[in-house]
Amino acid sequence: MEHLRMLLNKYRDKRRKLIVTDAVFSMDGDQAPLRELAALKREYGAMLMVDEAHSGGIYGGRGEGLCHELGLQGDVDIHMGTLSKSFGVYGAYIVGRRTLIRWLVNKARPLIYSTALPPSIVTGISMSLDLVQKEHWRRERLHTATRLFRSSLRDAGFSIGDGDSPIVPLIVGDNDTALRFSGALEEEGILAVAIRPPTVPDGTARLRFSLSAVHMDKELTDAAAHIHNIGLRLGVLSP
Ligand SMILES: Cc1ncc(COP(=O)(O)O)c(C=O)c1O
């Protein structure tokens, strides 16, 4: 945030300044400091663009995303997200002022020069949006499942970062151990991809778990028990 303030100060006189951030970061599952970003945006007359790829569908009363959950929607000039993650379909969206959308429709080359989404996908998106808006219980279930899974891993002694999102990173450190950990979990029917540098900083290779509203409590506690045992076996946890 200090770096951002420094840059905004440096370019104070520029007419257009755009702050761009994810709402939830993909590799740590933590949230961007959106309130502070919105305050800086106001202070410096900048624009704010938020990518809700990992938070759309999951936060907000109707799944609008983290900006709505925090009541910051009025501060976001460019609100985007993908429909390929929690929405379970394909495609993406950008929400903004009419002028911005018109400008994108006329100028955005990747949009102009690629084929439009097929009707089957658009129908899927429409169905998905309907479910996401109406079935708030799925979000509640997901957040309950996430709390259970996160606390099971924490109680077992793992380092899983500070986030509260359904993206749960388990920091292993060493690349080889992360791969062996992931392989051992796969044998137990648990899919957790080993994420290694350069996707994450050196020495912070990790397993990345993604939870869903259909995961049952027992599945999660059983998974945590397997993760615990394998962690001990591979020396990620000390006995
Ligand atoms: C922050 C962020 N934005 C956008 C995307 C792109 O999503 P898609 O694969 O649906 O194009 C991703 C994909 O992982 C992402 O992490």
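A crossing of two helices is left-handed if the near helix is turned anticlockwise from the far one by less than a right angle, and right-handed if clockwise. The model is predicted: local features need pLDDT of at least 70, side-chain atom pairs count only at pLDDT 80 or more, and totals for chains, interfaces and linings use all residues. Residues are numbered from 1 along each chain as its sequence is written, and side-chain values use heavy atoms, with hydrogens and water left out.

**Exercise 1.** Describe how α1 and α2 pack.

Solution. Start with the elements: helices (H or I, at least four residues) and strands (E, at least two) are DSSP runs, numbered from the N terminus. Helix α1 covers residues 2-10 and helix α2 residues 34-44. Their axes come within 11 Å and cross at roughly 10°. Axes are lines fitted to C-alpha atoms, for helices over the stretch in contact, and angles run from 0 to 180 degrees between N-to-C directions. So α1 is roughly parallel to α2. Angles under 35 degrees count as roughly parallel, over 145 as roughly antiparallel, 65 to 115 as roughly perpendicular and the rest as oblique. The crossing of α1 and α2 is right-handed.

**Exercise 2.** Classify the packing of α9 with α7 and with α8.

Solution. Take α7 (residues 136-155): its axis is 9 Å from that of α9, at an angle of about 25°. Therefore α7 is roughly parallel to α9. Their crossing is right-handed. Next, take α8 (residues 175-187) and α9 (residues 217-233): the angle is about 140° and the axes are 10 Å apart. Hence α8 and α9 are oblique to each other. The crossing of α8 and α9 is also right-handed.
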